[in-house]
Amino acid sequence: MVFLHQQSSRKRPSSFVPPFPPPKIPKSTAIPSAAAATAAAAFPSSKPSRGANADDEASQGSPSKIERMVSVLAEAGCTLVNPSGPPCLPDPLKFRCNLNRMFTSDSVLRSDFLSGFSAYIESPANFRRVLICSNRDSHHAGYTRNDSVLRNLLLVPPIQIDLQNMLLEKLPEFFVGDSGVHELMSTFEDDIARLILNQFRWLDFLVDSAAFTDKLLQVLSICPLKLKKEIIGSLPEMIGDQNNEAVINYLQQMLQEDPAIVVPVLDSFSNLNLDEQLHDQVITIALSCIRTIDADSMPYLIRFLLLYATSANVRRIIGHIRGQLKFFGASNAHTPQHNKLKGKLLVDNAEASILHALRSSLRFKNILCEEILKELKSLEKARDHKLIDIWLLVLIYMNGELLRKNVEKIVKKKAAEGCFTTVMLDQCICGNRDVVKEYFPSFLSLSEYLLACKEQKARDFGAHIYTRLFEEFIDMVSRQEVLGALIAHLGSCPSFEVESALEILLQLALKHPQELVPLSSHINGILDFLEGFSVENLHKVYEIFSLITVSAGSCVDSLGSSIGNELLMIVRKQVGNPDVKYKNMGIIGTLKIVSFLGDAINATSASLSQKSNFEEAIELLKSSFDSCKQVPLQLVLFYDELSAVLNTRTLHPTIMDWIGKHLGDFESLFLSDLDGGQLPVKDSYCGIEGELWLNLDGDISPVCLNILPLVSSSWQSGLVLQTLPANFVLMSMMERLANLGSLGGIDALLGCPLYLPAYKYFSTSTWWVLTMKQKEIISLSVYYACNWLRELLNAFCTQVVGKFQCTSQTLKEEVITKLLKRLRNLV
């Protein structure tokens, strides 16, 4: 037997008019004298005292009918009035057989019995007596519980229909509202309405199933909502397998009028024994509820639909769920915070339940997973993809190994084609930490796969997953897992995978440096892969560590200083290493650290040691410059890195002064003074005469670029020209920073001549008589001249375009004219 939850009821006023006419009970006749004696003993001559209750008066008006009914029960084997407790019914089966025999042979007795029973139950106390469980042993009340007297009477075929009608007609008298009155009743036996319904559950047989079903559905239409739900959920227990079509049609009509009953309706549908046609009908009814059902009931609907999915209807069910199920859309990263928090806990619970319902259904039905994957593969346009598609793929991915490869391929394809967007992903993850927590490993695993893909858009989508997981999950364990997965990519062979992983780490360091400080021990794993990184990747690595180091400088504990000290120790070892590869790494790292320590904003912040930040930066610059100033190629790298720093950062004035004093030797290294636009002395170099070339300023040019002497001089001086472009870029950068973008202080270099081998050496007849060394000097002179012209164009074009332009139109036209001439000289 299936029992309902404990509720209570109270009888309504007798003015209630039932929705159907009262039953017609035949006239009674005399009963046997022995039974009459039993009834007389049960009912003394004094009238029962029931106060002013109007129901008592109704029962007192027909004591003879009740006495006859009681005597019939006694003769059949039931003591209805048991002073020691509930009615006593020692042998229910024998009791029912006796009654069946008596009523079958005597229709008048049957009519009298029904009339007396109807009068007897007019009293709520008497009614409750026949509804509660009876005793098997009259001498030991409560020793063995049995079915109620009324339930046993319902199993007597001649009177079943009349009793069913009688009970259903009395049921409305005990309706209560849904305002909480039920909570006042402490036990199930106090709720008369539910006791009545309990009599109909799991009866061994129904004499007229159609009539009973029709009567029950009539009562159902006027029941309070709470009782209505219980009746609907219990219909399969009451009516059996008969009249399913009528029940389904009626419930469908009720569902259209009141969507609140959808859960018990689905429960009832699931317990009915349906043929194929009715099965399709209930699926159609359930699908029609997706749009109107409330979020709390949606998990029940999802389970029902997926449980009854077959190869014939699975595509239809999946299509409706994809097209009409909406969740997580309200809480995205762009929603105002106060709107996201409003009712968030409730929404999260509903959404978590929906996901759990989907996951549990997909786990045990492979046909659902295959249909979902087939459906998503067939979609080509981005607008046809839904937010739920991402979740469906994650749920399938999470459930097992068999379909993971298929899921990965679909996610990669959809991300690469732009069908899955970052906005959709934000709606899945952002603001839904408690819901997504269970699926964190699956999202992380998918992001690992996507970051290793060749397609740039697929890697970008994977990077976005990494970023959102780190930002949404603030606990240390989750963030350690994200960082560990990212660092694992750095050991991969494909360069694009390494670049993508470092770019993610860099973005995290830019946005959340303070949060990365406690996780620095996990980030240190990057240092194991430095040897295999390109120059671009080395920049990213040192920028990541510099951001964390500067952020750690504000920490009050020893963690901040330990990170900074470890970083400084690494770059100093690299700078001092004789191996060119490690020295270059050290130079890049040193200049990147200087760019953060020497920043005018951070220069006065807490330092990595006892020195101030800008003092630490100057010391790093000095040590790095001293280690590479004798090696031209490394000095070029130093100048280039420093120029890049000056182009992107505003360094502390003390650092700028140091750079101007110690690195401002351009004039002494590369320029020679002119007198009236001519060299005071003309010498030959290795037998090669020199001339001034490409003089745009004529006699007023004060200097020339001394290329030929530097190329033909000693080996060390010849190598100095390798640093010419980088040195000039650094000098022009310093000049622009010092003069608000103007290069007026070095504008003489734009038009000054170049001291190169004479023109005559470029004729065919003269070239072939030159020695190999002379040819080499001439070729190198032209090479360095071309490099110089290129750097002039790059530097002075900033004077006519960009943030700074010449102060006067005349000066601007002069600069443009010289630039065009230098461009002609170059080509």
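Five strands form an open sheet in the order β3-β6-β7-β5-β4, with mixed pairing. This is a predicted model, in which local features need pLDDT of at least 70, side-chain atom pairs count only at pLDDT 80 or more, and totals for chains, interfaces and linings use all residues. Residues are numbered from 1 along each chain as its sequence is written, and side-chain values use heavy atoms, with hydrogens and water left out.

**Exercise 1. Find which strands stand at the edges of the sheet.**

Step 1. Start with what counts: strands are DSSP runs (E, at least two residues) and helices are runs of H or I of at least four, numbered from the N terminus. Two strands pair if DSSP finds at least two bridges between them.

Step 2. Now look at the ends of the order β3-β6-β7-β5-β4. β3 and β4 (684–685) each have a single partner strand, so one side of each lacks a neighbour in the sheet. These two are the edges.

**Exercise 2. Decide how α27 and α30 are oriented, and what they bring to their contact.**

Step 1. The axes of α27 (residues 495–511) and α30 (residues 535–552) come within 9 Å and cross at roughly 25°. Axes are lines fitted to C-alpha atoms, for helices over the stretch in contact, and angles run from 0 to 180 degrees between N-to-C directions.

Step 2. Angles under 35 degrees count as roughly parallel, over 145 as roughly antiparallel, 65 to 115 as roughly perpendicular and the rest as oblique. α27 and α30 are therefore roughly parallel.

Step 3. Contact means heavy atoms within 4.5 Å. From α27, the residues include Val 498, Leu 502 and Leu 506, while α30 supplies others, among them Val 541, Ile 544 and Leu 547. By class, this contact has 9 nonpolar, 1 polar and 4 charged residues (Ala, Val, Leu, Ile, Met, Phe, Trp, Tyr, Cys and Pro count as nonpolar, Asp, Glu, Lys and Arg as charged, and the others, Gly among them, as polar).

**Exercise 3. Do likewise for α42 and α43.**

Step 1. The axes of α42 (residues 772–796) and α43 (residues 809–826) come within 10 Å and cross at roughly 150°. This pair is therefore roughly antiparallel.

Step 2. Cys 786, Leu 789 and Phe 796 are among the α42 residues that meet α43, where the partners include Val 815, Leu 819 and Leu 826. The contact divides into 9 nonpolar, 1 polar and 2 charged residues.

**Exercise 4. Find the mean pLDDT of the chain and a stretch below 50.**

Step 1. pLDDT is the predictor's confidence in each residue, from 0 to 100. The chain's mean is 82, and 83% of its residues reach 70 or more.

Step 2. Residues 138–144 have pLDDT below 50, with 10 contacts beyond near neighbours in sequence. Where pLDDT is low, the predicted coordinates should not be read in detail.
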